[in-house]
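Welcome, and please open your viewer.

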Amino acid sequence: MHRRTALGGALTALATAAAGILVAAAVSTTPAVAAAGGTGTGYLHTNGNKIVDSTGATVRLTGINWFGMETDNKTFHGLWSSNPWRGQLDTMARLGYNTLRIPYSNDSIKPGATATGINDFVNPDLIGLSPLQILDKVIDYAGSKGMRVILDRHRPTSAGQSPLWYTSGVSEATWIADWKTMAQRYANNPTVIGADLHNEPHAEGTNPAATGACWGCGDTARDWRLAAERAGNAILGVQPNWLIFVEGVSCPSGGLSNVWDNDPSNDEDCGWWGGNLSKAGQFPVRLNVANRLVYSPHEYATSVYRQAWFDDPSYPANMPAIWDKYWGYLYKQNIAPIMMGEFGTTLQDPKDKVWLENLMAYTGTGVNGMSFTYWSWNPNSGDTGGIANDDWTTVNQAKQAILQPYLIPPTGGGSTSSPSPTGTPNTSPAPTTPAPTTPAPSGGCTASYKQTNAWAGGFQGELTVKNTGTAALNPWSATWTWPSGVTLASGWNATVTQSGTTVTAAAPNWASSLAPGASVTVGFTANGTAATPATVKLNGTAC
């Protein structure tokens with residue numbers, strides 16, 4: 001079973017033994033630049049409890065986790081599905097997730113690492129690529145949609161979580177060196193905004209013989225606060241524009257209380273793995289570059305573990321005080337921004353729906369609210385499920401409906417150089433291009449085509465169709481013809497079907513209208529000899 005407790009679960013002193021295991025990523029050829037709007041302009045930094053862009057405008061990161069690069073597959077899960085990787089990112093952006101948190105393990109970025117679990121028929125452009133090369137493509141395309149990316153060192157190896165940032169097989173020196181390599185790889189790409197240093201440091205061993213991650217204890221081998229400073233400053237020495245995301249611990253002492261000794265004075269107040277930042281006010285993370293620190297707690301519901309507070313008679317009225325104590329005070333006292341790196345639930349328990357509704361309300365509405373990345377896009381997270389259903393295409397509407405009011409969609413996107421060689425259709429539902437100053441005849445259109453890949457027996461391309469008329473087309477539908485023998489394999493950004501030699505791309509229900517002056521890009525893979533779409537029409541009008 002794909003356990004959330006190993007993806008990044010968190011337990012109190014009484015429940016640490018329940019942790020399971022599983023989950024447990026470059027130079028982008030076309031560094032993306034986020035457009036003004038959902039994720040701001042240029043690199044980001046902090047100002048008090050706000051994240052701001054290069055112009056000083058407040059930015060709220062409302063993102064989602066897409067895991068897999070930290071597992072044995074060493075690349076994103078769901079690449080085995082019938083939904084192409086770009087189609088999955090299209091859905092995330094369309095739903096309003098403006099940031100992608102990407103977990104990885106040190107295993108996945110080693111030279112010679114191999115990505116597995118990829119449907120070659122659906123994703124032929126990923127054939128033969130290394131995990132880092134696939135990551136490059138995902139980052140490049142996410143950036144083209146105006147999304148931002150946070151890299152999360154989730155695990156030292158694909159074997160599972162570790163309480164400390166190092167293990168016997170992966171030293172602190174390796175951890176820091178790999179982070180510096182990642183920072184250098186994406187140093188010129190402002191789509192990548194920062195480093196989540198280590199996922200869910202937590203307690204291990206029974207006090208007073210603690211062996212896990214502490215906060216402020218001063219032991220350089222266990223004090224997560226000091227380790228975060230060492231790694232954060234090393235990264236900023238390579239890329240001073242990155243944000244440094246620092247998670248909490250579970251028990252500040254780094255060890256579990258002996259709850260069976262009948263001595264309440266020894267029973268420490270612990271929280272979720274990575275979720276306890278109660279000592280960060282007293283012992284703050286000190287970075288050499290000002291305005292780069294973001295605290296990133298994790299928070300979960302009963303589907304991960306039934307904490308005592310879920311059964312408090314005052315629930316859910318008791319929750320804001322608990323969140324205040326563990327991490328919310330950092331935001332409320334204007335000490336630093338909060339970016340909840342993980343939170344999620346299956347929604348199977350009615351209490352979980354109440355929890356999620358109250359947690360989102362606690363973060364605040366609008367651009368001034370706390371940032372977050374929901375766990376997860378993946379439906380195969382055992383303890384939480386995902387926003388995507390098991391087909392990796394349709395959406396869990398019950399979860400999405402709760403999150404939707406707090407999401408700030410990415411806006412636009414682009415690149416600092418030439419268009420991506422892989423082809424990156426931008427289908428964010430934002431057809432805001434103004435109509436031409438000289439009105440075009442109603443029903444006009446133009447079309448352009450770009451072949452983005454080819455291989456023995458097939459090819460990949462994108463057809464961009466623009467509405468040059470004076471009226472919106474709702475719904476829109478594009479058609480074209482191919483020579484006999486060319487057959488459709490897959491399509492995205494529309495419902496793409498083929499009958500004989502005619503291919504139809506029908507508007508998806510989430511972007512059914514095409515405004516005057518707006519364009520849509522339909523991507524596809526096809527079998528047969530590469531051919532340019534002919535007799536392109538938009539709603540029956542020749543382009």
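Start by selecting residues 477-481 and 534-538: these are strands β16 and β21, which run antiparallel and are joined by 3 bridges. Strands here are DSSP runs (E, at least two residues), numbered from the N terminus, and two strands pair if DSSP finds at least two bridges between them. Zoom in on Thr 481, whose bridge partner in β21 is Ala 534. As background, strands of a sheet pair through backbone hydrogen bonds, either parallel or antiparallel.

Before the next stop, a word on what you are viewing: this is a predicted model, where local features need pLDDT of at least 70, side-chain atom pairs count only at pLDDT 80 or more, and totals for chains, interfaces and linings use all residues. Residues are numbered from 1 along each chain as its sequence is written, and side-chain values use heavy atoms, with hydrogens and water left out.

Now widen the selection to the sheet around this pair. It is an open sheet of 5 strands with antiparallel pairing, in the order β18-β19-β16-β21-β22. Look at the edges: β18 (495-499) and β22 each have a single partner strand, so one side of each is left without a neighbour in the sheet.

Next, which residue does Cys 445 form a disulfide with? Select Cys 543: the sulfur atoms of Cys 445 and Cys 543 are 2.0 Å apart, and a disulfide is a pair of cysteine sulfur atoms within 2.5 Å. The torsion about their S-S bond is about -110°, so this disulfide is left-handed. The pair links distant parts of the chain, 98 residues apart, with Cys 445 in strand β14 (residues 445-455) and Cys 543 in the segment after β22 (541-542). Cys 445 is buried at 9% relative accessibility, while Cys 543 is partly exposed at 36%. Buried means under 20% relative accessible area, exposed over 50%, and partly exposed in between (1.4 Å probe, protein chains only).

Move on to Cys 251 and Cys 270, another disulfide, with sulfur atoms 2.0 Å apart. This link is right-handed, with 120° about the S-S bond. Both cysteines lie in the loop between β8 (243-246) and β9 (293-295), so the pair ties together parts that are 19 residues apart in sequence. Cys 251 is buried at 1%, and Cys 270 is buried at 6%.

Finish at Cys 214 and Cys 217, joined by a disulfide with an S to S distance of 1.9 Å. Cys 214 is buried, with a relative accessible area of 0%, whereas Cys 217 is partly exposed, at 36%. The count comes to 3 disulfides, and in sequence order the bonded cysteines pair 1-2, 3-4, 5-6.

Notes: Helices (H or I, at least four residues) and strands (E, at least two) are DSSP runs, numbered from the N terminus.
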